[in-house]
Amino acid sequence: MKKLLLSSALVLALGFSLTSCRDTDKKSDDSVIIIEKETDKTEGALEKAGKAIDNAAKEVKEAGKAVDSAAKEVVGDDN
């Protein structure tokens, strides 16, 4: 009788553990898909930010050149 009870408990425990693993695998697959989508969105946002920084740097460089040429004109007028 003891062996029957222990064997039944063992079979139930294995059944529950295997069933819960299958559910976990499906949930982890869904999580991976969600993470991949969010990573793609983040990469796109980072690329846009990088382009905006590059454009801003070019504008600052052009503004610096304009300031230099204006300064040269002012200094040239005094001499």
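Which residue forms a salt bridge with Lys41? Keep that in mind as we walk through this predicted model.

Some ground rules come before the first click. Residues are numbered from 1 along each chain as its sequence is written, and side-chain values use heavy atoms, leaving out hydrogens and water. As the model is predicted, local features need pLDDT of at least 70 and side-chain atom pairs count only at pLDDT 80 or more, while totals for chains, interfaces and linings use all residues.

**Start with the whole protein.** Colour by secondary structure and you will find 1 helix and 0 strands (DSSP runs, H or I of at least four residues for helices and E of at least two for strands, numbered from the N terminus). Of the 79 residues, 0% are buried (buried is under 20% relative accessible area, exposed over 50%, partly exposed in between, with a 1.4 Å probe and protein chains only).

**Next, select Glu38 and Lys41.** Here is the reply to the opening question: Glu38 pairs with Lys41, their closest N and O atoms being 3.6 Å apart. The structure holds 1 salt bridge (a side-chain nitrogen of Lys or Arg within 4 Å of a carboxyl oxygen of Asp or Glu). Both residues sit in helix H1, 3 residues apart, about one turn of the helix. Glu38 is partly exposed at 40% relative accessible area, whereas Lys41 is exposed at 56%.

**Then pick Glu36, Asp40, Glu43 and Glu47.** These residues gather in a surface patch of negative charge (patch members have over 30% relative accessible area and no salt bridge, with like charges joined within 9 Å; Asp and Glu count as negative, placed at CG of Asp or CD of Glu). Glu36 lies in helix H1, residues 2-78, and is partly exposed at 48%.

In the model, residues 46-73 are 100% helix and 0% strand, with end C-alpha atoms 41 Å apart.

Note on methods
Patches are made of residues with over 30% relative accessible area and no salt bridge: like charges are joined within 9 Å, nonpolar side chains (Val, Leu, Ile, Met, Phe, Trp, Tyr) within 5 Å. Accessible areas come from the Shrake-Rupley method with a 1.4 Å probe; for residues, only the protein chains shown count as cover.
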